[in-house]
Amino acid sequence: MNRLHLLSILLEAVVAALGVMLAIRKKKMYGWCIAVTFVLYVVYDLANLLALNISEDTLYMIFFVATLSILWAVWNIFLEA
């Protein structure tokens, strides 16, 4: 296993936790989208790293939903600024 890959997955989990904190403590709804995005990134990366038996179509859908989620979050951050 590549240590850099593991570190990246750990950092994705930290970003997901910070997204939840944004949503709960700062009352920013886009925090939930950030959290969802990075939880899905963790799932996607772990599925690849551990060679889990998840179909490519399912992985593509996970990545697509994560992309939509971060797009919504960034759009709302842009509107707030």
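Student: What makes up the secondary structure of the protein?
Tutor: In this predicted model, the protein has three helices and zero strands. From the N terminus on, the elements run α-α-α.

Student: How do you know that the span of helix 1 agrees with its number of residues?
Tutor: Helix 1 covers residues 3-25, which is 23 residues, and at 1.5 Å a residue they should span 33 Å. The end C-alpha atoms of helix 1 are 32 Å apart, so the two values agree.

Student: Which residues of helix 1 are called buried?
Tutor: They are Ile9, Glu12, Ala16, Gly19 and Ala23. To be called buried, a residue needs under 20% relative accessible area. These buried residues pack against helix 2.

Student: Why are helix 2 and helix 3 called roughly antiparallel?
Tutor: Helix 2 (residues 30-49) and helix 3 (residues 56-80) pack at an angle of about 155°. Angles over 145 degrees count as roughly antiparallel, and therefore helix 2 and helix 3 are roughly antiparallel to each other. Their axes are 8 Å apart, and helix 2 passes helix 3 in a left-handed crossing.

Student: What makes the contact of helix 2 with helix 3?
Tutor: Helix 2 brings residues including Ile34, Phe38 and Tyr41, while helix 3 brings residues including Phe63, Ile70 and Trp72. By class, the contact has 19 nonpolar, four polar and one charged residues.

Student: How much of the protein is buried?
Tutor: Buried residues make up 27% of the 81 residues.

Definitions and conventions:
Residues are numbered from 1 along each chain as its sequence is written. This is a predicted model: local features need pLDDT of at least 70, side-chain atom pairs count only at pLDDT 80 or more; totals for chains, interfaces and linings use all residues. Side-chain values use heavy atoms; hydrogens and water are left out. Axes are lines fitted to C-alpha atoms, for helices over the stretch in contact, and angles run from 0 to 180 degrees between N-to-C directions. Helices (H or I, at least four residues) and strands (E, at least two) are DSSP runs, numbered from the N terminus. Angles under 35 degrees count as roughly parallel, over 145 as roughly antiparallel, 65 to 115 as roughly perpendicular and the rest as oblique. A crossing is left-handed if the near helix is turned anticlockwise from the far one by less than a right angle, and right-handed if clockwise. Contact means heavy atoms within 4.5 Å. Ala, Val, Leu, Ile, Met, Phe, Trp, Tyr, Cys and Pro count as nonpolar, Asp, Glu, Lys and Arg as charged, and the others, Gly among them, as polar. The expected span of a helix is 1.5 Å times one less than its number of residues. Buried means under 20% relative accessible area, exposed over 50%, partly exposed in between (1.4 Å probe, protein chains only).
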